[in-house]
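Welcome! Here is a short tour for anyone opening this structure for the first time. Please keep the sequence and the 3D view at hand as you read.

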Amino acid sequence: MRMRLMLLGGGNSLGQALIRLGAEEDIGFLAPRPPEQGWDAASLTQLLDDTRPDAVINLAYYFDWFQAEEVSAVRLAAQERGVERLAELCQHHGIILLQPSSYRVFDGSRATAYSEKDESAPLSERGQAIWRMEQSVRAACPKHVLLRFGWLLDDSRDGSLGRFLSRAEQADEICLADDRRGNPTPVDDAARVLLAVIKQLDCQAPLWGTYHYGGHEATTPLALGQALLSEARSLHPLKVQDITPQAHAARPDAADEPQNAVLACKKILHTFGIKPRAWRAALPTLLDRYYRHG
């Protein structure tokens, strides 16, 4: 690896997965500890002025964007300013910016999978903030890769998977939508994709732009939950016996979550040669790590 790589957010689940995977190929990252208040415009300015890496992988706000149940508008606004400043700094110093994004930029009204050419129309405050972040990256830093992920699954106790498993240990009944669809994407698979992109950028391939990635086989939250329960029961006692189907419209998050969150992944395949992997195959490793760390 010729490039000096800086990883913001090396302490979260996706950052840790990327560091683990990089170590297997002798690829290291500068992973500075964030300031107490988190990365903001001022601390990012100081950091990049001092270090001048060749590429920045910005996972600084990963948990809020991909795992948190709710994020305050004040917090999102500060993160927007941080991303905008980071993009300006990367352009100023000639640094490549690799920035994650989300299926949340779409409203879910399409009947088929979303491609990179489809118009964004985010439903939630968080989706709108992520969409504005994308726009600021495109405007300020031409040498960027924006990577929109599907439903990310990680081993954090308070992430989406952790909340589901915690309910499964305590509740008699869990309801999940059977008419909502998306691409479950285990965090190790997302890290694999990030590393594959980084390796090709290291070969000076100018493959800038926006790409989609989600695990192979779109599914419903109901089917995903059933697969997780089946695997988790062999590792940990669960109280819930089964999952009750519920309509998307009846779900408490229906106003914020796209009913169709399926991402078409042809562009990343044709550009980087990255093939989607089956999310089901990664569940045993993911759940084993979740329970061991717990």
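Is Asn12 buried or exposed? Asn12 is buried, because its relative accessible area is 17%, and buried means under 20% relative accessible area, exposed over 50% and partly exposed in between (1.4 Å probe, protein chains only). This is a predicted model, in which local features need pLDDT of at least 70 and side-chain atom pairs count only at pLDDT 80 or more, while totals for chains, interfaces and linings use all residues. Residues are numbered from 1 along each chain as its sequence is written, and side-chain values use heavy atoms, with hydrogens and water left out.

- Asn12 sits in the loop between β1 and α1 (13-24); helices (H or I, at least four residues) and strands (E, at least two) are DSSP runs, numbered from the N terminus.
- The side chain of Asn12 reaches the backbone oxygen of Gly9 at 3.0 Å.
- Leaving aside neighbours within four places in sequence, Asn12 is in contact with Leu59 and Tyr62, where contact means heavy atoms within 4.5 Å.
- Gly15 belongs to helix α1, and Gly15 counts as buried because its relative accessibility is 0%.
- Not counting residues up to four places away in sequence, Gly15 touches Leu7, Gly9, Gly10 and Leu59.
- Gly15 and Ala60 are 45 residues apart along the chain, and their C-alpha atoms are separated by 8.9 Å.

**The sheet as a whole**

- Strands of a sheet pair through backbone hydrogen bonds, either parallel or antiparallel.
- Here, five strands form an open sheet in the order β1-β2-β3-β4-β9, with parallel pairing; two strands pair if DSSP finds at least two bridges between them.
- The edge strands are β1 (5-8) and β9 (209-213), each of which pairs on one side only.
- On average, neighbouring strands of this sheet are turned by 20 degrees against each other, direction ignored; axes are lines fitted to C-alpha atoms, for helices over the stretch in contact, and angles run from 0 to 180 degrees between N-to-C directions.
- Helix α2 (residues 41-51) packs on the sheet and touches β1 and β2, and the direction of α2 makes about 165 degrees with that of β1.

**Strand β2 and its partners**

- β2 is covered on both faces: Ala55 and Ile57 on one side, and Val56 and Asn58 on the other, are all buried.
- Four bridges join β1 to β2, and these strands run parallel; Leu8 has Asn58 as its bridge partner in β2.
- Three bridges join strand β2 (residues 55-58) to β3, again in parallel.
- Val56 stands opposite Leu97 in β3, and the bridge partner of Ile57 in β3 is Leu98.

- How many residues of strand β3 (residues 96-102) are buried? The count is seven of its seven residues.
- Ile96, Leu98, Pro100 and Ser102 point one way from β3, whereas Leu97, Gln99 and Ser101 point the other way.
- Six bridges join β3 to strand β4 (residues 144-149), and the two run parallel.
- Leu97 stands opposite His144 in β4, and the bridge partner of Pro100 in β4 is Leu147.
- From β3 the chain crosses through helix α5 (residues 125-140) to β4, and this β-α-β crossover is right-handed; that is, with the strands pointing away from the viewer, the path from the first strand over the helix to the second runs clockwise.

**A closer look at Ser101**

- Ser101 is part of strand β3, and Ser101 counts as buried because its relative accessibility is 0%.
- The side chain of Ser101 makes a polar contact with the side chain of Glu134 (2.5 Å); a polar contact is a pair of N or O atoms within 3.5 Å, and within protein one must be able to donate a hydrogen and the other to accept it, while residues adjacent in sequence count only if both atoms are side-chain atoms.
- Not counting residues up to four places away in sequence, Ser101 touches several residues, including Phe66, Ile130, Met133, Leu147 and Phe149.

**Aromatic rings**

- The whole structure holds six aromatic pairs; rings of Phe, Tyr and Trp (its six-membered ring) pair if their centres lie within 6.5 Å, and planes under 30 degrees apart count as stacked, over 60 as edge-to-face and the rest as tilted.
- The ring centres of Tyr290 and Tyr291 are 5.1 Å apart and the planes are at 80 degrees, so this pair is edge-to-face.
- Tyr290 and Tyr291 are both buried.
- Tyr62, Phe66 and Phe149 form one aromatic cluster.
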